[in-house]
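Subject: Handover of a structure for your review

Dear colleague,

Please find below the structure that I am passing on to you. My notes on what was found in it follow directly after.

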Amino acid sequence: MTSLERLCQERGLSMSRQRRLIIRVLSEARTHLSAADLHQRVTELDPDISLATIYRTLTIFEEEGVLKRLDFGDRKMRYEQADKEPHDHLLDTTDGSVVEFQAPEVAALLATIAARLGYRLDGYRLDVFASPDDSRAETACACPTVAHPPAKRPRNRHHHDGREHGAPGR
């Protein structure tokens, strides 16, 4: 059983054949899929699953806390498992690929800034927009998880509301 199936089961969701197939594709994806990306992959396995079914299922999974919708400002909503460890995203502005990374030093810095201003950091979201450096291969950190969705260059940098990171030390 995949972790997405487990989340669905914990939330009491019924598991139709179509939902199981959607979960399978999401679980096997090495990328943040949009509804269209997911539909394309699912219909390779079952051509009878409609885009409307994909959207309906994604909405239910999001409402039930199974998936989290990601808006990187390029008009293409993507999805990831809701209970993943807190992480940030670096978006390659040349090809739209997404690199997940963890940066505890960023959380610590933000907590320090919040404290200096008289606040306690409850969470944050960080999306970094960057283009490759010629020396990227030589300096790449071994820790990030790389995901490569087929996307266009982000048009803006507006973020959706919602806590995505716990405060440091939680």
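In helix α2 of this predicted model, the residues R19, L21, I22, I23, V25 and L26 are buried, where buried means under 20% relative accessible area, exposed over 50%, and partly exposed in between, with a 1.4 Å probe and protein chains only. The cover over these buried residues includes α1 (3–10), α3, α4 and β1 (67–70). Helix α2 covers residues 17–28, and its end C-alpha atoms are 17 Å apart, which agrees with the 16 Å that its twelve residues should span at 1.5 Å a residue. The expected span is 1.5 Å times one less than the number of residues in the helix. Helices (H or I, at least four residues) and strands (E, at least two) are DSSP runs, numbered from the N terminus.

Residues are numbered from 1 along each chain as its sequence is written, and side-chain values use heavy atoms, with hydrogens and water left out. As the model is predicted, local features need pLDDT of at least 70 and side-chain atom pairs count only at pLDDT 80 or more, whereas totals for chains, interfaces and linings use all residues.

Overall composition

The protein has six helices and six strands, in the order α-α-α-α-β-β-β-β-α-β-α-β along the sequence. Of its 170 residues, 40% are buried. The accessible surface comes to about 10,300 Å², and carbon and sulfur atoms account for 49% of that; these areas come from the Shrake-Rupley method with a 1.4 Å probe, and for residues only the protein chains shown count as cover. Among contacts (heavy atoms within 4.5 Å) between residues at least 6 apart in sequence, 60% join residues at least 24 apart.

The region around α3

D46 lies in the loop between α3 and α4 (51–63). At 8% relative accessibility, D46 counts as buried. Leaving out residues up to four places away in sequence, D46 touches R17 and L21, and L21 is one of the buried residues of α2. A polar atom of the D46 side chain lies 2.9 Å from the backbone nitrogen of D48. This is a polar contact, that is, a pair of N or O atoms within 3.5 Å; within protein, one must be able to donate a hydrogen and the other to accept it, and residues adjacent in sequence count only if both atoms are side-chain atoms.

H39 is placed in helix α3 (residues 35–45). Its side chain reaches the backbone oxygen of I49 at 3.1 Å, and the C-alpha atoms of H39 and I49, ten residues apart along the chain, are separated by 7.8 Å. Beyond its neighbours within four places in sequence, H39 is in contact with I49, S50, L51 and I54.

Strands β3 and β4

Strand β3 (residues 88–92) pairs with β4 in the antiparallel sense over four bridges; strands count as paired if DSSP finds at least two bridges between them. V99 in β4 is the bridge partner of L90. The two strands form a hairpin with five residues between them, and G96 in the turn has a positive phi of about 80°. Strand β4 (residues 98–101) is covered on both faces, with V98 and E100 buried on one side and V99 and F101 buried on the other.

H89 lies in β3 and is buried, with a relative accessible area of 1%. Leaving aside neighbours within four places in sequence, the contacts of H89 include H32, E80, V98, V99, E100, F101 and D127. L91, also found in β3, is buried at a relative accessible area of 3%. The C-alpha atoms of L91 and A130 are 6.1 Å apart, although 39 residues separate them in sequence.

Helix α5

Helix α5 (residues 104–116) has 13 residues and reaches 18 Å from its first C-alpha to its last, close to the 18 Å expected. Just after α5, G118 takes a positive phi of about 85°.

Confidence

The average pLDDT, the predictor's confidence in each residue from 0 to 100, is 81, and 79% of the residues score at least 70. Over residues 141–170, pLDDT stays under 50. Where pLDDT is low, the predicted coordinates should not be read in detail.

With kind regards
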